[in-house]
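Hi,

Here is the model I promised to send over. Have a look at it first, and then read on for what I found in it.

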Amino acid sequence: MSIYVHYRERMTNRPRASLQRILEDLGSTVLDVAASPGELDAEVTGVHIYDPLDELLLPAGGILLAVGVDRAEQICALLDVAGPAAGIVVKQPVDVDELVRAKVLETGVAVLGLTRAASWAQVTTLLRSLLAEGDLAEPGEVSPDDLFSLANAVCALLDAPVTIEDRSSMVLAYSERQDEADPGRVETVLGRQVPQRYQRMLEERGFFRQLYQSREPVYMKLGDDIIDRVAIAVRSGDEILGSIWAAVREPLTEQRQRALTDAAKIVALQLLRQRAGADTRRRLRADLLSTVLAGGRDAAEAAGRLGVASERLCVLAAQLSGGSGTDAALRESDRHRLCDALALHVGAIHPRAAAALVGSVAYAVLPLHAIGDEERRAVRVAESFLARVGPRHAANIGVGRLAANLTEVARSRADADRALRVLRAREASGAVAGYSAVHFESLLLQLSDLVEAEEQAPTGPYERLLAYDAEHGSELVATLRAYLDAFGDVNAASAMVHVHANTFRYRLKRLTEIGELDLADPDARLTVMLQMRIFGR
């Protein structure tokens with residue numbers, strides 16, 4: 001049977017975003033059914049994380065990740081309050097008794113078991129990647145990006161577990177039967193990324209170079225308790241879009257090689273359609289979120305289309321730090337990945353949060369419950385996010401003050417931008433700042449902008465001291481800065497500039513004479529301190 005026919009049959013016969021569809025795509029490697037109410041044809045609408053400290057507001061069709069739930073009585077209690085959920089997920093081994101089975105039948109909510117090798121973050125990512133991006137699609141519109149179906153079709157033709165990967169060895173989709181492969185493949189599927197040690201091994205043996213130079217399947221004998229691989233590059237003309245990998249125990253027959261070559265052509269079409277569709281969806285999300293962030297008369301409609309809450313919102317502004325000299329395309333790809341990760345993070349916290357890339361900044365709108373100290377709570381959310389993405393995405397995040405409603409979101413966005421700018425001015429990396437904590441630094445940067453725009457120059461005592469230092473090679477400005485920073489403590493100030501206290505007192509006397517500066521006058525001290533901070537000399 002041709003790969004085209006086989007794939008089309010699978011596409012025609014399989015439902016979209018049902019619980020059964022998700023279980024088929026993930027396979028028993030990740031999720032298994034522990035207790036079922038019958039047919040698993042319920043539509044899945046989203047992924048939610050259970051928190052016993054929060055009120056459970058679960059929409060119809062949601063999958064609930066029951067973190068920390070492991071006993072039968074806990075499962076029964078959760079099923080009672082899960083309402084219209086499609087299913088709940090518990091770490092294996094799942095404690096299923098007759099009471100649990102009866103409760104599943106009563107509520108119609110399935111209980112699924114998650115392999116202990118997977119983290120909750122991983123399963124959240126896997127499930128969200130499988131769900132259609134229906135928030136921005138027209139009702140009834142079917143996604144053309146069914147790479148998981150295609151991976152399963154190729155698996156059936158090759159009789160081997162298959163992964164479809166991008167150029168950076170990130171897993172875009174995978175077939176069933178991954179448990180038949182080696183531990184490295186299971187680790188790859190769970191992490192959605194080929195581990196670095198395997199990438200280095202393939203690079204050192206020249207397999208990547210051989211793969212990307214060939215238009216035919218390449219057989220790779222790996223040894224060392226690793227099942228061999230056969231792979232083929234996925235191309236659009238001369239552009240490499242990704243690759244297909246199958247775990248095999250012997251070279252493919254000629255017929256199966258032709259099937260894999262045909263599959264690569266279909267995958268290329270799917271990746272091109274996926275890229276175009278993703279670009280369109282991203283632009284639409286960015287446009288809608290930009291409208292929300294502007295807080296104008298169209299903000300309510302845009303928020304409705306995005307599914308964003310309209311009250312008690314904090315804006316987060318995330319931006320990659322450093323790396324300005326890196327490849328522009330790679331930098332843009334990293335920005336999109338940072339934004340996707342941020343959207344996943346805030347979406348797990350609140351179902352009516354949203355994130356989008358606007359320019360070089362990933363903005364997130366995060367609803368918060370009214371329990372006080374919202375800005376600090378939003379800062380903790382941002383800190384948790386940066387701790388998760390870690391070295392993969394070195395970034396800074398600015399957090400705006402709470403907006404009571406959509407009309408105040410523009411102010412919260414401006415706050416977040418200003419806090420982010422303070423972090424850039426500090427040359428920070430991996431840092432989070434709430435606007436309230438950096439308010440004064442932000443004001444100084446705004447004053448600096450005004451001074452620069454109006455081409456203003458230092459005046460008064462500060463101007464005279466700068467001129468004297470420039471003409472005589474002295475350090476009177478440095479002496480004054482140390483004195484002010486030390487709150488007038490001569491001993492501490494002299495240590496800062498590494499001179500004897502008596503020498504420092506002499507310089508201090510000279511600068512007050514030359515600059516005509518009265519250090520006993522608080523207004524005079526404030527004036528010269530501000531000029532030093534604004535002009536930065």
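Before the helices, one definition: the expected span of a helix is 1.5 Å times one less than its number of residues. With that in hand, take α20: this helix has 14 residues and reaches 20 Å from its first C-alpha to its last, close to the 20 Å expected. Bear in mind throughout that this is a predicted model.

**α20 and its surroundings**

Asp521 caps the N-terminal end of α20, with a side-chain oxygen 3.0 Å from the backbone nitrogen of Asp523. At the other end, α20 is followed by Gly536, which has a positive phi near 60°. The buried residues of α20 are Ala524, Val528, Gln531, Met532, Ile534 and Phe535. What covers them includes α15 (439-453), α16 and α17.

**α16**

That brings us to α16 (residues 460-472). Its 13 residues should span 18 Å at 1.5 Å a residue, and the end C-alpha atoms are 19 Å apart, which agrees. Pro461, Tyr462, Leu465, Leu466 and Asp469 are buried in this helix. Looking down the axis of α16, you see its buried residues fall within an arc of 135°, so they line one face of the helix. The face turned away from that buried side carries the exposed residues Ala470 and Glu471.

What do the buried residues of α16 pack against? Their partners are α17 (476-485), α19 (501-514) and α20 (522-535).

**The open sheet**

Now for the strands. There is an open sheet of 5 strands in the order β1-β5-β4-β3-β2, and the pairing is mixed. β1 (31-35) and β2 (46-49) are the edge strands, each pairing on one side only. From one strand to the next, the twist averages 30°.

β2 pairs with β3 (residues 62-65) in the parallel sense, over 4 bridges. Within that pairing, Gly46 has Gly62 in β3 as its bridge partner. Helix α3 (residues 72-81) packs on the sheet and touches β3, β4 (87-91) and β5 (110-114). The direction of α3 makes about 160° with that of β4.

**β9 and its two partners**

Is β9 (residues 228-236) mostly covered or mostly open? Mostly covered: 8 of its 9 residues are buried. On one hand, β9 is joined to β8 (residues 218-220) by 3 bridges, and the two run antiparallel. Met220 is the residue standing opposite Arg229 in this pair.

On the other hand, 9 bridges join β9 to β10 (residues 239-248), again antiparallel. Here Val230 stands opposite Ala246 in β10. β9 and β10 form a hairpin with 2 residues between them, and Gly237 in the turn has a positive phi of about 65°.

Asp182 is worth a click. You will find this residue in the loop between β7 (171-174) and α7 (183-191). Why does Asp182 count as buried? Its relative accessibility is 5%, and buried means under 20%.

The side chain of Asp182 makes a polar contact with the side chain of Arg229, at 3.0 Å. A polar atom of the Asp182 side chain also lies 3.0 Å from the backbone nitrogen of Arg185. Not counting residues up to four places away in sequence, Asp182 touches Asp225, Ile226, Ile227 and Arg229.

**Arg426, for contrast**

Arg426 also sits in a loop, between α14 (409-425) and β16 (432-434). With a relative accessible area of 44%, Arg426 is partly exposed. Leaving aside its neighbours within four places in sequence, Arg426 is in contact with Val438 and Glu441.

**The whole chain**

Finally, some totals. The protein has 20 helices and 16 strands. Buried residues make up 48% of its 537 residues. Among contacts between residues at least 6 apart in sequence, 60% join residues at least 24 apart.

Cheers

Terms used: Residues numbered from 1 in each chain as written. Predicted model: local features only at pLDDT ≥ 70, side-chain atom pairs only at ≥ 80, totals over all residues. Heavy atoms only, no water. Buried < 20%, exposed > 50% of the residue type's maximum accessible area, 1.4 Å probe, protein only. Pairing = 2+ DSSP bridges. Arc of directions from axis to C-beta. Contact = heavy atoms within 4.5 Å. Axes fitted to C-alpha atoms, helices over the stretch in contact; angles between N-to-C directions. Polar contact = N/O pair within 3.5 Å; in protein donor to acceptor, adjacent residues only side chain to side chain.
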